[in-house]
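Work through the following exercises with the sequence and the model in view, and try each task before you read its solution.

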Amino acid sequence: MEEKKLTKKDYVVVSSMLFALFFGAGNLIFPLHLGQLSGANWFPAALGFLVTGVLLPLLSVLAISITRSEGVYDIGKPLGAVFALTFMVLIHGTIGPLFGTPRTATVSYTVGVAPLIPAHFQTLGLVIFSAVFFGLAYLFSVEQNKIVSNVGKLLNPVFLTLLVFVFILGFSHPLGTPASQAVTTAYKTGAFTNGFLQGYNTMDALAGLAFGVTVVTAIKFMGKKNANSIAFVTARAGLLSMGFEAVIYVALILLGAMSLGKFKLSANGGVAFDQIVNHYLGVVGQSILAALITLTCLTTAIGLVAAFAQDFHKHFPKISYKTWLAFTSLASFLTANLGLNQIIAWSTPFLMFLYPLAMALILLSVLSPLFHRDPIVYKFVVTFTVIPALFDMMSAFPSVVSQSALGKAMTSFQQAYLPLAQYGLDWLLPALLGMVLGVACYLVKRHLNVGKVPQQSQE
């Protein structure tokens with residue numbers, strides 16, 4: 001059977017779908033708030049944010065492509081089936097029904113819809129909104145072969161049209177000059193590092209691994225069957241979508257920095273966006289913001305629930321795709337009604353633990369052709385990464401955990417003995433050391449095996 005040759009339009013549609021899956025609530029509000037925090041130092045902060053917000057997600061897509069993987073499970077497979085399955089469950093739990101997916105509903109409601117509803121109806125409003133929201137996410141993803149058209153052709157173009165309209169207003173009538181704005185204390189000397197850590201909040205490096213199964217499945221439905229062809233389409237679509245996302249991030253960071261000319265530093269990017277849009281368009285602007293936030297969050301929610309259901313059905317096939325889809329949609333609805341603040345507070349420590357591991361596995365996958373995905377390299381790097389990541393997780397927990405006796409003891413040890421701990425990068429040097437040791441062991445093992453080949457051939 002001959003493969004279908006994809007047209008330029010097909011590539012645009014796949015890229016549009018991938019962009020829409022990545023670009024959710026955090027991608028809209030975190031760079032905007034970063035611009036306010038960094039002020040005149042917006043450029044180094046933006047560079048740091050682009051590393052974790054664009055480069056790492058792009059590498060995660062390339063990792064899927066290079067290793068011919070179909071999801072997050074395959075990325076962790078060199079470390080064994082148990083590790084791969086555990087890592088898959090942790091990733092999908094974090095970006096899925098425990099934190100990431102519920103956040104898509106709570107952010108869109110809190111930022112876009114709540115200001116339009118009387119205060120005494122806020123709780124009921126969230127219940128109704130999140131029920132409708134996840135009901136739509138289920139409906140748009142229930143037919144796997146229609147996810148590309150539903151997201152790439154329908155929802156994403158509407159979202160981008162509204163976002164470009166906001167940019168035109170913001171840059172044609174700027175609220176201030178970025179270079180003259182105040183810089184918060186943390187960003188006076190650590191703009192790049194803080195921007196780097198802010199990129200964690202997008203969850204995109206984790207999402208890129210999880211979305212692998214959705215992207216690969218979508219490309220197969222478009223007529224591609226050969227693994228090499230699927231890998232090429234995935235890589236090309238990733239480059240297009242993430243390049244476009246980088247441009248939008250820089251525009252949002254600039255918009256946030258400019259807003260300081262009119263407004264004070266806001267509590268979060270959602271409040272800042274609300275202020276900016278209302279300044280230009282009043283109540284109409286709030287309605288546009290509600291539509292903008294809801295659309296971008298819905299497209300991401302569709303990708304997250306679909307990826308969860310596809311991966312779990314693949315590894316637990318006795319339960320159907322639709323049943324897993326209904327489970328994650330319902331669980332996300334229930335978690336969403338705990339409130340945005342609770343979700344963010346408890347998701348941060350898990351991100352601090354999973355991100356270093358994800359970054360290590362992504363880079364190992366991209367570099368894997370150099371050492372043939374040898375498990376010994378993976379074992380050294382992951383072992384050396386997981387220990388400082390546990391310390392990062394403990395110190396990032398809410399005070400009920402981080403200020404406990406154990407929490408204080410671990411934080412004190414971390415700050416005293418782990419290099420770069422004050423920047424949240426104490427995993428970096430151990431990971432590099434693990435890579436050096438792992439590659440050295442691989443080369444030694446390869447040399448010894450090469451020496452044995454002639455003896456085996458003579459036999």
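A residue counts as buried under 20% relative accessible area, as exposed over 50%, and as partly exposed in between, with a 1.4 Å probe and protein chains only. The model is a predicted one, in which local features need pLDDT of at least 70 and side-chain atom pairs count only at pLDDT 80 or more, while totals for chains, interfaces and linings use all residues. Residues are numbered from 1 along each chain as its sequence is written, and side-chain values use heavy atoms, with hydrogens and water left out.

**Exercise 1.** Find where L420 lies, and decide whether L420 is buried, partly exposed or exposed.

Solution. Begin with the helices, which are DSSP runs of H or I with at least four residues, numbered from the N terminus. L420 belongs to the loop that joins helix 18 (405–417) to helix 19 (428–458). Its relative accessibility is 28%, and therefore L420 counts as partly exposed. Finally, look at the backbone: phi of L420 is near 70 degrees, a positive value in a residue other than glycine. Most residues other than glycine have a negative phi.

**Exercise 2.** Carry out the corresponding steps for H372: where is this residue placed, and what is its phi?

Solution. H372 sits in the loop between helix 15 (340–367) and helix 16 (375–396). Phi of H372 is positive too, near 55 degrees. With a relative accessible area of 59%, H372 is exposed.

**Exercise 3.** Describe how domain 1 and domain 2 meet.

Solution. First take the bounds, which come from an automatic or database domain assignment: domain 1 covers 8–337 and domain 2 covers 341–447. Next, taken over C-alpha atoms, the centres of domain 1 and domain 2 are separated by 24 Å. Then count contacts, meaning heavy atoms within 4.5 Å: 34 residues of domain 1 are in contact with 27 residues of domain 2.

Now turn to buried area, the accessible area (1.4 Å probe) that two parts lose on being put together, summed over both. Between domain 1 and domain 2 this area is about 2700 Å², and carbon and sulfur atoms give 83% of it. On the side of domain 1, P78, F99 and Y200 lose the most area to domain 2, together 24% of what that side buries.

Last, search for salt bridges, each a side-chain nitrogen of Lys or Arg within 4 Å of a carboxyl oxygen of Asp or Glu; across the interface of domain 1 and domain 2 the rule finds zero.

Definitions and conventions. Helix = DSSP H or I, 4+ residues; strand = E, 2+ residues; numbered from the N terminus.
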